[in-house]
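Here's a quick tour for anyone opening this model for the first time. Have a look at the sequence and the 3D view, then read on.

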There are 2 protein chains.
Amino acid sequence: MWDRLIECVPNVSEGRRRDIVESIAFAADGPGRKVIDLSMDPDHNRSVITIVGEPDGLVDGVLSLAKKASELIDLNVHRGEHPRMGAVDVIPFIPVRGVTMEECIDLSMRVGERIATDLRIPVYLYEEAARRPIRRNLATIRKGEFEGFAEKISLPAWIPDFGEAKIHPTAGVVAVGAREFLIAYNVDLATADLSVAKEIARAVRFSSGGLRYVKALGFPLSEKGIVQVSMNLTNFKKTPILRVFELVKREAERRGVMVIGSEIVGTIPRQALYDVARMALQVRDFSDELILEERIEDALSANS
Amino acid sequence: MWDRLIECVPNVSEGRRRDIVESIAFAADGPGRKVIDLSMDPDHNRSVITIVGEPDGLVDGVLSLAKKASELIDLNVHRGEHPRMGAVDVIPFIPVRGVTMEECIDLSMRVGERIATDLRIPVYLYEEAARRPIRRNLATIRKGEFEGFAEKISLPAWIPDFGEAKIHPTAGVVAVGAREFLIAYNVDLATADLSVAKEIARAVRFSSGGLRYVKALGFPLSEKGIVQVSMNLTNFKKTPILRVFELVKREAERRGVMVIGSEIVGTIPRQALYDVARMALQVRDFSDELILEERIEDALSANS
């Protein structure tokens, strides 16, 4: 495996025709990067492609993918539930291992510049790569969607970060940025009372006074007759998952409700699990060198 | 890295002359295995060599190491605090990844047979590889040490598992076996009262009624003015480390004492940390596929 590892998760506006989505995804493969997952959503008519790789490999891979998507997708005929403004709608870079957020921001700028120059698609930098506070939030950028962007892009506040103030006639515009790994994490509660899940979601989420990097909603799981606090943890390094779980559990206890269990949706980085173990065991002086497999990998790579 | 990974930790009876220990350790290196650590103890006059590798690679490596040790060490002139009976004193095989305990037992038999045949050193199979209950415990086999073994080996109860009932004149005898990974784990308590650490050690350890795979002692940490419960966890799969920690903490609370922190000595397998995270977060349906890096490694190895 690569020592310096970045994940990139382009979302493309086609979730029904498998042949098209696959040829877009496969366009990203090549030296120094690899497509490891492809998830199609027909209702949203949108697909999420997961690519991992080294910085240089990823630049080439993502450009090939964006080129292929702009050739195969025409947003003028695209319909789907999910809001979208581009053939490739959004391209986030996520530091996984041996890479800083700053490097991912640099990478999003390199890719953004090339997309504007080579493909003539206007680019907005978002999240950590945003150059104006109002462009941090993807939903704010995307407002108006493809149909509204022909006009929006001509407003002074919405001049693109790269490219001309004129949408690509079929591929629209694209948001490119950098963000932390997002963990989708749900906690099930031993009650059928939806108000309990909603109250706990309000207590733990940032928007209503809770933890900085938590988004949360309460949902019913009707088949099981229970409710769930469904969360996105947007920065597990600063708001660790064990702290979130313990806060949910404490808030449930306060309401006389037990936690049945929890669920990780998608994937979770190894480091987030190491953090849970370190905190739960109160380990002093924890470091990756304590981990057998890390030591083995270090020893093997030192000599090869 | 190898998909099937075993750790082998030969202990050799030389801990003072670095050149000799290094030439013994380096004899083990070669295709399919790698020496990743070498720890010399001058007081014990004993060294611990850590080798990792695939089954076949390890057989060759361990045989080369045993041969070199038998050429360079003469137990007739060896002195040290630690009890010992052989130039290579003990050779445990430990399953790490993609390997069963049964395969490690097979491996210890293959290596034992070769040591007896090629090097003419009698071999006792111990722990999981033991053929008689009395030979499970290494201390029981080693009783009498090198000096007493010339006589002990001729007793009917102590006929070796491989080789003739006659010690090697300079290299003695060797114990070869298989065991689970051992985690050395200490918990610090906010008290100077040694009796508290000793009571908690008694409460949690197997020998006095505690958890099946825990050995424990209470120690003073005089410089810090506190005490410590020092443990060996001999099977973290069956007695998970979080359960041990929580029991120690509960027993400390019962005595009005706080846990200050804990310490992992040496290394801990990744799986043990995943287990802590799974238990602490109450994750339902946990599997390694949830872990980003495992998914990446699977995807990369599937295509290479």
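This is a predicted model: local features need pLDDT of at least 70, side-chain atom pairs count only at pLDDT 80 or more; totals for chains, interfaces and linings use all residues.

## Two copies, one axis

Residues are numbered from 1 along each chain as its sequence is written, and chains are lettered from A and ligands numbered from 1 in the order in which they are written.

**Where the chains meet**

- The contact involves 35 residues of chain B and 35 residues of chain A; two residues are in contact if their C-beta atoms, placed from the backbone, lie within 7 Å.
- On the chain B side, the elements that give two or more residues are β3 (33–41), α7 (241–254), β11 (259–265), α8 (270–280) and α9 (292–302). Helices (H or I, at least four residues) and strands (E, at least two) are DSSP runs, numbered from the N terminus.
- Of these, α9(B) gives the most, with seven residues.
- By class, the side of chain B that touches chain A has 24 nonpolar, four polar and seven charged residues. Here Ala, Val, Leu, Ile, Met, Phe, Trp, Tyr, Cys and Pro count as nonpolar, Asp, Glu, Lys and Arg as charged, and the others, Gly among them, as polar.

**Domains of chain A**

- Chain A splits into domain 1 (5–178) and domain 2 (183–269), with bounds that come from an automatic or database domain assignment.
- Taken over C-alpha atoms, the centres of domain 1 of chain A and domain 2 of chain A are 30 Å apart.

**Strand β1 of chain A**

- A residue is buried if 20 or more other C-beta atoms lie within 10 Å of its own, exposed if 12 or fewer, and partly exposed in between, with C-beta atoms placed from the backbone.
- β1(A) pairs with β5(A) (residues 88–97) in the antiparallel sense over four bridges, and A:E7 stands opposite A:I94 in β5(A). Two strands pair if DSSP finds at least two bridges between them.
- β1(A) also pairs with β4(A) (residues 46–53), again antiparallel, over three bridges. There, A:C8 has A:I51 as its bridge partner.

**The four-stranded sheet**

- In chain A, four strands make an open sheet in the order β9-β10-β8-β11, with antiparallel pairing.
- β9 (214–221) and β11 (259–265) of chain A stand at the edges with a single partner strand each, so one side of each has no neighbour in the sheet.
- The twist averages 20 degrees from one strand to the next; axes are lines fitted to C-alpha atoms, for helices over the stretch in contact, and angles run from 0 to 180 degrees between N-to-C directions.
- β8(A) (residues 183–189) and β11(A) pair in the antiparallel sense over six bridges, and A:Y185 has A:I264 as its bridge partner in β11(A).
- Helix α6(A) (residues 194–204) packs on this sheet, touching β8, β9 and β10 of chain A, and its direction makes about 175 degrees with that of β9(A).
- Over in chain B, α7(B) lies across β8, β9, β10 (226–233) and β11, running at about 25 degrees to β8(B).

**Residues to click on**

- A:N235 lies in the loop between β10 (226–233) and α7 (241–254) of chain A. Leaving out residues up to four places away in sequence, A:N235 touches A:E180 and A:Y213.
- A:E145, found in helix α5 (residues 145–152) of chain A, has a positive phi near 55 degrees without being a glycine.
- B:N45 isn't a glycine either, yet its phi is positive, at about 50 degrees. B:N45 is in the loop between β3 and β4 (46–53) of chain B, and it counts as partly exposed because 19 other C-beta atoms lie within 10 Å.
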